[in-house]
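Dear colleague,

My notes on it follow.

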Amino acid sequence: MEHENSVFHAVRLIEEKCRGCVNCIKHCPTEAIRVRRGKAEILDVRCIDCGECIRVCPNHAKTAIADSLERLRDYRVTVALPAPALYGQFDDQIKPEQVLQGLIDLGFDDVFEVAFGADLVSVLVRRELQKPGVIRPMISSACPAVIRLIQVRFPNLVDHIVPVCSPLRIAARLARPEAARRFGVSPEEVGLFFISPCPGKVSAVAEPVGYRTSAVDGAIPICEVYGPLSRAMRDRKAAGQPQARVRSSGSGIGWARAGGENQAVALGRQISVDGVHNVIDIFEDIERGKLSQVDYVEALACTGGCVGGVLTVENPFIARRRIRMLSERPGPEDAPGLEELVEALDDSIFRHDEPISPRSITALADDMEEAIRRVERLERVLETLPGLDCGSCGAPTCQALAEDIVRNEARETDCVFVLRKRVQDLAEELVELSSKLPPAMNHQQVDIASWADGVLRVEEEPAPRS
Amino acid sequence: MTIEPLEQLVQSFEIAGQDFSRAGEVSSKIRRILQQIGAPVETIRRTSVATYEAEMNVVIHAQSGRIDLSADRCAIQITVSDVGPGIVDLDLAMQPGYSTASEEVREMGFGAGMGLSNMARCADDLSIDSVVGQGTTVKMQFRTNG
Ligand SMILES: Nc1ncnc2c1ncn2[C@@H]1O[C@H](COP(=O)(O)OP(=O)(O)OP(=O)(O)O)[C@@H](O)[C@H]1O
Ligand code: SF4
Ligand SMILES: [Mg+2]
């Protein structure tokens, strides 16, 4: 897939629904939204697809584009790769076996659990942590919104990302040859579909970071399969037929909730942080060198972990409890040892095959000399702004507007307070000028001044102090 | 041939001593500025760690202080000066693990005695001037290799 200059984003605006209310700009962790001409506008280079704006928009004007079940027709053989969070979406009585069988009943030829990929990644992360001299703390590579957050806001931390791919990627790398063999087709004829809790993963499927090509062919939101899947499971239960086989262990499924990855890795001094704004706080501490005593940081953009993804259905707290219960399940008894499996596989399938490069959005210009001039101008511009962070200019804060101004992407008069002040000054100057006349006409002065008064109607009441 | 003078950025920030709720604010601001001017990632990393340690030393050990930043294409200069007790034995203070921090401060996770040695490790150049009973000035330079 081509991704040299553009960044693919699953998060989109539905223009007709947007009322320009500025709610979203305030919550965006990378200040990636501006309101212009009454509509929100997502700035591609800044957006990390965390879905925070989808969560907060009162008009449901933010959405995520993704694939639908229709796309199954495009492939001879299709395999569903369900996110561990999917198991947390249904009643307590519904077992993972039923969920997998339900996916097959929906039309997939086979399933391959991302939770099983998580089982393997747990082994690999443990191995990384045991290597001598590795950078501390290491940061989990599982959440794509976090990876993009690091790229744009914490470029210093790129080297902290654990050099192991995500559970989804491993699952996909194993699923494709397996399905090709089983159904006697070529690998390209297999369509792999991730059942996704979030737009971040949808984007990662369309345009992976750290890999040259995507291992997955499409991503379908959990909320899209939820209805048909629930019906399929009900029908199957009525028919009393056998269920699909689960190969993941409870720990692999546990990755769906915050703390689950750490529990599965279970090594060293770990911390788990969820919610994108909390992740930012922790990353700032890492940048200050404050967390060198910590070995591993599980960082998830959604509160509660992937069960809190914006494309899920069930209340995240309820789903989280279910996942915790499921995570106590032992793995299948006949399962091959994970350690041996990891040994048997080629190491390259677990690795990024491209560096995760910083894409800092903070620099005010490419050229440092120019950037320094802009930082200086920024200070002066900031002094003229009221510091109220009111959002009427369409930028999230006065600071953000000032940055836009020095980048020549906004004007000082975009601030209503600056504009008002300018209008006032102008009005005063007009009145003042109107009383001035060339000496030769001086005898008319009084008349002209009262004429100006009438036309301008400059009100005398004092302006409210801000 | 004329040589254009390098564009230079100069800014100053106040630090409130003993105010733990705002501790780290100045070094965060400085890091942001360095990102804004597009300084190399590696230089920003070292500068942030060292500036944070120096800021914390003012918060923990002194009454008040300030940080002066100057930056150009080639180097970043950080000067942290405070009004405070000063450092009695500089060689001792520089030793990793040496700390006079109170029990209370240690409970907050500071006082491992690693600050000054971290600063020495991160900075390309470090000099400390201290007058007991008056205060301390720490000067650090970070080259950008640019
Ligand atoms: N600005 C300062 N004013 C007065 N004394 C200082 C100052 N900076 C350092 N010191 C003295 O030097 C000692 C060592 O400083 P250093 O920063 O290495 O460790 P620390 O601040 O005690 O602990 P840590 O930095 O690991 O939290 C301090 O305990 C203190 O006695
Ligand atoms: S925490 Fe999970 S659901 Fe949320 S953005 Fe990250 S990967 Fe997606
Ligand atoms: Mg210190």
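Is A:C28 buried or exposed? A:C28 has a relative accessible area of 16% and is therefore buried, where buried means under 20% relative accessible area, exposed over 50% and partly exposed in between (1.4 Å probe, protein chains only).

The model is predicted, so local features need pLDDT of at least 70 and side-chain atom pairs count only at pLDDT 80 or more, while totals for chains, interfaces and linings use all residues. Residues are numbered from 1 along each chain as its sequence is written, chains are lettered from A and ligands numbered from 1 in the order in which they are written, and side-chain values use heavy atoms, without hydrogens and water.

Cysteines. Over all chains there are zero disulfides (pairs of cysteine sulfur atoms within 2.5 Å). A:C28 takes part in none, the nearest cysteine sulfur, in A:C50, being 6.1 Å away. For A:C18 the closest cysteine sulfur belongs to A:C24, at 6.5 Å, which is too far for a bond. A:C18 also counts as buried, at 8% relative accessibility.

Sheet. Four strands of chain A form an open sheet in the order β6-β5-β8-β9, with parallel pairing. Strands are DSSP runs (E, at least two residues), as are helices (H or I, at least four), numbered from the N terminus; two strands pair if DSSP finds at least two bridges between them. Because β6 (110-111) and β9 (218-221) of chain A each have a single partner strand, one side of each lacks a neighbour in the sheet. Strands β5 (residues 77-82) and β8 (residues 190-196) of chain A are joined in parallel by six bridges, with A:T78 opposite A:G191 in β8(A).

Yours sincerely
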